[in-house]
Amino acid sequence: MNNTPEKGTTAMEPLVSLRNLKKYFPIGGGLLKKAKSNVHAVDDVNLDIRERETLGLVGESGCGKTTIGRLALKLLPKTEGEIYFRGQDIYKYNPDQEKKFRQQAQLIFQDSFSSFDSRNRIGDIIGEPLIVHNIAQGSELEDRVAELLKTVGLKTDLMYEYPHTLAAGQKQCVGIARSIALRPSFIVADEPISALDVSVRAMVLNLMKSLQTSQDLTYMFISHDIRVVRWLSSHLAVMYLGKLVEYGETEEVFNNRLHPYTEALLNAVPIEDPRDRDIEKSILLGEVPSPVDPPPGCRFAPRCKLAKERCRQENPVLEERRPGHLVACFENYHGDSEI
Amino acid sequence: MGMGKYILQRLAFTVVVILGVSIMIFLITHVIGDPVAVMLPLQASEEQRVALTAQLGLDKPILEQLGIFLSDAARLDFGISWWQRVPCINVVMEKMPATLLLVTLACLIAVVVAIPLGIAAAYKPGSLIDRLLTGGSLLGISLPPFWIGLMLMLVFAVGLGWLPTSGIGSWRHVVLPAVTLAFNPAGHLAQIVRFEMIQQLASNYVLTARSKGVKEIVILFRHALKNIMTSAITMLGSDYAKLVGGLCATVEVVFGWPGFGHLVTDTIHNLDFPLLQTEVFFVAVFVCLLNLLIDILYAFFDPRIRY
Amino acid sequence: MANKPDRKKRYSLMVRFRHNKVAFVSLIILILIFIVTIFAPVFTSYSPTSGTLSQRLQAPSFTAPSEGASPHYLGTDQQGRDVLSRLIYGARVSLKVGFVVAIVGALIGITVGMLAGYFGGWTDMIIMRLVDIQASSPTLLIALTFVMVLGPGERNLIIALLINSWTLFCRMARSQVLIIRGSAMVESGHAIGAGNKRIVFRHIMPNIISPLITTFVMELAHFINAEANLSFLGFGVQPPTSSWGLMIGEGRQYITNAWWIVLFPGIMIGITVLCLNLVGNWVREEFDPLAVKR
């Protein structure tokens, strides 16, 4: 991963690039009072996603992964930093470029149904992006919608139905159909299967994988469940309280955990055989502290069994400790047991 | 934030409101209206017009006039009533008590009638008494109060001769106007008491209490009633303010009751600008203070709202 | 999108309406009043503004006063005018004032409220302060002030009532928009690149219509009442035109010997307002069962 965007090169230029990205939410304050504290939702994050990669973004609730997804799509205003799409700063777009960006970068919701106007039929919902961008109308629109429904594995008759008549898995597939309607190159999938029954999850995951090939997609896959991320992702980024703590290729990170938090996340995976469960393995202490005005030092220090004095004073920076594998930690942890 | 701070905030807001209202009234009467044209007969000459304008201080720039008006108002000096030739404030103060008496009585009647009926209806939803109550309260809200007054007067004063038709003096004089005025707040109150009570009686804590064998009366008075107090008080307070603020006017006119509402009507017929300004100011202050009082009462009844 | 009939439909609006008999009957009554009002000349041949003095203060009867004329079913007033006729033409005035104020107030209030709710920030703050101040002001008195300054009459009455009519609609529309604004539906709209205009008018507005309809109906009832109040006091519609409130005001002094002049207009006001309230209540209960009564 580069630390500076190299705009001259084309082949290795990342599709999406986040630089020193910060998002703070002020709390308190009102009409005349300025806010005194901030929630550091995303704190100085640097990230690259190359074409046809799937970046699995994992962490507990409140770590900022959802916020990063929204920021990358310009659905939330940033506080500081830059976001590049195909080498261009998305905050410097003119209206035309902005419109094109919207065609190129899309979102899959955790609960697609809530994103629908439930007074519209499925066909209208899926077809709306095409109408907004003046791509198709009338019978051509209907054809396109039918095609999209087929692509996600649904019967074309469904386009005349209202969303509330569909099953959860079908709703999610409709959401996916809507997001690929404009043939984007980049999709942020925000916990796309978390709200689904286990049996349906596989179906959706398979759909997403096949779409990646057929539609030439790049994914940012956000999830709190590190297991599903493993299957779909080429790269893994672990977040904690707004900071990126570990990054690398999926299998590399899984087999060589360099950050104690990553280890803890992986150990949260229930192990089937009770005899294999070793409580000592857990290196997590206590609860997640608040992301409001965080104290100096490593964010994870209060819960880290390995924390030393330096960890509480200084903030560790991301460094490459193994080829292509970065971590932000002062200690030299290396979890290499089989997972 | 503590109670004290909350009160201060609300008082500040009150001041803003009163300021806003005063400015609004001032603008309406001085910018849109023309007091001079109103006061002079049609044949008045130009010199008379100019003289009167100067005398009333209306030739000064608008902002200066506004400033004078506001500073006077702060000292409770509203000038002299054109119609009655005495200080406006005296006129208003003289008529206010009669209205306060009337409206207070009306609201008391409303409380005494509506709350028990509302509770009774809540206990037996869909029954005859419930439907009578709902129908009655809707009628009470829909029929114009002045008409109700006239009908009552027709029956009880003219027809049966039990009560006087108008005026003030004995307890007999206040019965008809107060009862008339009570219909509207009673209707509102009955509806809201019934609605809230039904919700309370269906809630989990009542179910629990009943299953523990707590007596119905106790549940009712110690728990359910207190919980509906905030809504009931809001409704009653709002109606009270509206009544004093002018809705009593038609009823007072019907019964010849010498109160604030009747005064406002006469003020307008007489085109008495300063007096109307005074009246509006007073009502604005009254309504704001009343709202503040209600908000404070809230805190007593609903422990969840602790400012 | 082709409108292939939706097979799995909840039962339609009209069917639900019919299930609630009270509301349905109220609506029918309102429609009847409306029809009679519009087609007034069909229902009465008497002029509402001029009458025969020799016929003054006649009690309601079924006998014709003269050859070829129809009976004064509801009597005559102090100027010999047919009360029924005055009632019907008066309805035109009362309903017209009510409707105009409600519609204009709704248009202004809803637009402003939607803007305040959608854009938030300073826009919202300023608008809401204005609404708060207006809502805390004595609305009747301000209307009366307008009347005093501009003079009585139908047009000025409408202006006076308009000053306050927008605030409730504004609050309602704003709170509805706020509920929807943070929703995933709006976010999804942004994600696909839809502009603000499309989101507001194609998605937000249709979803907030029903509580607004309730508000509209209730406010209509309120303004009809307000017109009656002001006309009764002599500040609204001026003679010889009739409105329900004015009839009661004029007939007041004759109440002892000609009670019909006062009785019938009052009943009409009561019925109209009552039916409007019932229909409004039904709309609210059907579409928003969590709403608390005002």
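Colleague: How many residues of chain A are in contact with chain C, and how many of chain C with chain A?
Modeller: Keep in mind that this is a predicted model. Chain A brings 27 residues to that contact, and chain C brings 20.

Colleague: Which elements of chain A give two or more residues to the side that touches chain C?
Modeller: Four of chain A's elements: helix 2 (95–104), strand 6 (105–108), helix 3 (112–115) and helix 4 (122–132). Helix 4 of chain A gives the most, with 6 residues.

Colleague: And how do the residues of that side divide by class?
Modeller: On the side of chain A that touches chain C, 10 are nonpolar, 8 polar and 9 charged.

Colleague: OK, now chain C against chain B. How many residues are in contact there?
Modeller: 33 from chain C and 41 from chain B.

Colleague: Where does the largest share of chain C's side come from?
Modeller: From helix 6 of chain C, which supplies 10 residues. Helix 5 (121–136), helix 6 (139–150), helix 9 (196–232) and helix 11 (260–287) of chain C each supply at least two. By class, the side of chain C that touches chain B has 22 nonpolar, 9 polar and 2 charged residues.

Colleague: Staying in chain C: at what angle do the axes of helix 2 and helix 4 cross?
Modeller: Helix 2 (residues 21–38) and helix 4 (residues 83–119) of chain C cross at roughly 110°, and their axes come within 8 Å. Helix 2 of chain C and helix 4 of chain C are therefore roughly perpendicular to each other.

Colleague: Which residues make the contact?
Modeller: From helix 2 of chain C, C:Ile33, C:Val36 and C:Thr37. Helix 4 of chain C puts in C:Ile88, C:Ala91, C:Arg92 and C:Leu95. By class, this contact of helix 2 with helix 4 of chain C has 5 nonpolar residues, 1 polar and 1 charged.

Colleague: Switching to chain B. How is it divided into domains?
Modeller: Domain 1 of chain B covers 3–74 and domain 2 covers 92–301. Their C-alpha centres lie 33 Å apart. The contact between these domains of chain B takes 12 residues from domain 1 and 12 residues from domain 2.

Colleague: What gives the largest share on the domain 1 side?
Modeller: Helix 1 of chain B, with 9 residues. Helix 1 (3–32) and helix 2 (35–39) of chain B are the elements giving two or more. In class terms, that side of domain 1 of chain B has 8 nonpolar, 3 polar and 1 charged residues.

Colleague: One residue in chain B for me: is B:Leu133 buried or exposed?
Modeller: Buried, because B:Leu133 has 22 C-beta neighbours inside 10 Å, and the cut-off for buried is 20 or more. B:Leu133 is found in helix 6 (residues 128–142) of chain B.

Colleague: What does B:Leu133 touch, leaving out residues up to four places away in sequence?
Modeller: B:Leu117, B:Gly118, B:Ala121, B:Ala190 and B:Arg194. As for B:Pro144, B:Leu133 is 11 residues from it in sequence and 18 Å from it in space, C-alpha to C-alpha.

Colleague: Last one, back to chain A. What is the strand order in the open sheet of 4 strands?
Modeller: The order is 2-1-4-5, with antiparallel pairing. Strand 2 (37–49) and strand 5 (88–89) of chain A are the edge strands.

Colleague: How many bridges join strand 1 to strand 2 of chain A?
Modeller: 9 bridges join strand 1 (residues 16–27) of chain A to strand 2 of chain A. A:Ser17 stands opposite A:Asp48 in strand 2 of chain A.

Notes. Residues are numbered from 1 along each chain as its sequence is written. Chains are lettered from A and ligands numbered from 1 in the order in which they are written. This is a predicted model: local features need pLDDT of at least 70, side-chain atom pairs count only at pLDDT 80 or more; totals for chains, interfaces and linings use all residues. Domain bounds come from an automatic or database domain assignment. Two residues are in contact if their C-beta atoms, placed from the backbone, lie within 7 Å. Ala, Val, Leu, Ile, Met, Phe, Trp, Tyr, Cys and Pro count as nonpolar, Asp, Glu, Lys and Arg as charged, and the others, Gly among them, as polar. Two strands pair if DSSP finds at least two bridges between them. Axes are lines fitted to C-alpha atoms, for helices over the stretch in contact, and angles run from 0 to 180 degrees between N-to-C directions. Angles under 35 degrees count as roughly parallel, over 145 as roughly antiparallel, 65 to 115 as roughly perpendicular and the rest as oblique. A residue is buried if 20 or more other C-beta atoms lie within 10 Å of its own, exposed if 12 or fewer, and partly exposed in between; C-beta atoms are placed from the backbone.
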